[in-house]
Amino acid sequence: MLRNRITVTPRIKLELRVLGFLLILALMLDILTANAQITTSIIGADPDEGFGDLDVVSVHCGNNTTYLEVNITVASTITNKTGVDKYWAVQIDSDLDSANNGTWDYEYVAVVRLNGSGVLTAALYNSTYGYIEDLTPFGGNGTSYVGVYIPLADIGGKPEYYFRIYTQNTSGEVDHAPLNDTSAAEPLGDYYICHLTVKAPIWSVKQPDPIGDVNVSELDVTWLNTTLNSSGLYLGFTLNGTIPWYGGEETAIYEFFIDADNNTSTGYSIGGIGADYLVEMSVGYIPRLYEYTGNGTSWSWSLISLIDYLKTPGGTRELLVYVPSSKASFSQEVAVVGYTTRSVDWLYDTTSPEVVPIPEPTIVSIIVVLAIIVVFYLSKYKKRKGE
Ligand SMILES: [Ca+2]
Ligand SMILES: [Ca+2]
Ligand SMILES: [Ca+2]
Ligand SMILES: [Ca+2]
């Protein structure tokens, strides 16, 4: 009896087919839009060192709610070669501890592989190259790029990631990016930063600097901007020219001298301040935070940590960095002097000191303080009445 209650008429059959078709269409659209919605932007560039399709020249990243997309542009059109495997690999530091350790520490590796017959595949591995899952690659043969979609949920779903790139063929590793510059003063584990969300600071102090006071546009500061709040100190240069992508200290060095107690008798004496901290970035490297260890005039600094730039500086006129209060203590209002130079000729630009006020107390903390005062006087008043 019950079985006969549901009779599949031709009309229901048709409706089921339409429903099925719609479901498949929706699924396809979902997959397509999951990938199509991603807009990538350039986060790093590397010189053409003559390694052809295994030579990294730029790196892009972007994301939607589901995927992180990483895209590597190479120096020439990619071709397959019988008997040769080609690899483009992205090492991913997802817990961002490379900044603190000063050594490169990655948790994941996304590897795109082109085999001898021209088939492009990709997979995600852990830090000991244990297989996690297959990934969706794109580009490859006949193009000058390779890219890969990585599910964000499988790499920790973080607001930013640090990347290092390398390429490899059957005989070994070929190119590294950022450029593995062992001649640098401190060849620490530099990397690219992929920001999934950019927190642009609202400047509390903006100070102009003359245009043309140094004849190298990327060294010519036009604005020094600062903000101090309970979470840390934001520092910004606007420059007259665009910041190069690589070249190290020969090309450009950007420095912020920070007088953390606004006291000239402590720290390195420069531009009328006593700098207790220094933030320094050589072009193509990650900004570094140092603490002053000298006698006031000696050039003596000790590295605390690498710190983040808030936006990719290469190819733009803005350098934005952030010093979290977990890495430096700002006891009073802070004074900052900006300085730019390059080691090839030591041409430089320097700014006047800029004083950043201590953060104003929030409404909540004002109410709490007022409440404590009221309770204190009330208890005093009660005591008196009792006497
Ligand atoms: Ca390269
Ligand atoms: Ca790590
Ligand atoms: Ca200037
Ligand atoms: Ca000081």
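1. Trp-223, in S13, is the bridge partner of Pro-208. Their strands, S12 and S13 (residues 221-229), run antiparallel and are joined by four bridges. Strands here, like helices, are DSSP runs numbered from the N terminus (E, at least two residues, for strands; H or I, at least four, for helices). Two strands count as paired if DSSP finds at least two bridges between them.

2. A word on the model before going on. This is a predicted model, in which local features need pLDDT of at least 70 and side-chain atom pairs count only at pLDDT 80 or more, while totals for chains, interfaces and linings use all residues. Residues are numbered from 1 along each chain as its sequence is written, and chains are lettered from A and ligands numbered from 1 in the order in which they are written.

3. Now the overall picture. The protein chain has 24 strands and five helices. Take the contacts between residues at least 6 apart in sequence: 57% of them join residues at least 24 apart. A contact means C-beta atoms within 7 Å.

4. Back to the sheet that holds S12. It is an open sheet of four strands in the order S12-S13-S14-S21, with antiparallel pairing. S12 (205-208) and S21 (318-324) are the edge strands, each pairing on one side only. On average, neighbouring strands of this sheet are turned by 15° against each other, direction ignored; the axes are lines fitted to C-alpha atoms.

5. Have a look at S3 (residues 67-74). Seven of its eight residues are buried, so S3 is largely enclosed by the rest of the structure. S3 pairs with S2 (residues 56-63) in the antiparallel sense over seven bridges, and these two form a hairpin with three residues between them. Cys-61 has Val-70 in S3 as its bridge partner. S3 also pairs with S8 (residues 145-151), antiparallel and over seven bridges; there, Thr-73 has Tyr-145 in S8 as its bridge partner.

6. S5 (residues 108-114) is another one to check. Five of its seven residues are buried, so S5 too is largely enclosed by the rest of the structure. S4 (residues 86-93) runs antiparallel to S5, joined by seven bridges, and Ile-92 stands opposite Tyr-108 in S5. Seven bridges also join S5 to S6, again antiparallel, with Thr-121 in S6 as the bridge partner of Arg-113. S5 and S6 make a hairpin with five residues between them, and Gly-118 in the turn has a positive phi of about 90°.

7. Two residues with a positive phi are not glycines. Tyr-129 has a phi of about 60° and lies in the loop between S6 (120-126) and S7 (131-139). Tyr-129 is exposed, with 10 other C-beta atoms within 10 Å. Asn-262 has a phi of about 45° and is found in the loop between S15 (252-259) and S16 (268-270). With 19 other C-beta atoms within 10 Å, Asn-262 is partly exposed.

8. One peptide bond is worth a look. The bond from Ala-177 to Pro-178 is cis, with omega near 0°. Pro-178 sits in the loop between S10 (172-177) and S11 (192-195).

Terms used
Two residues are in contact if their C-beta atoms, placed from the backbone, lie within 7 Å. A residue is buried if 20 or more other C-beta atoms lie within 10 Å of its own, exposed if 12 or fewer, and partly exposed in between; C-beta atoms are placed from the backbone. Axes are lines fitted to C-alpha atoms, for helices over the stretch in contact, and angles run from 0 to 180 degrees between N-to-C directions.
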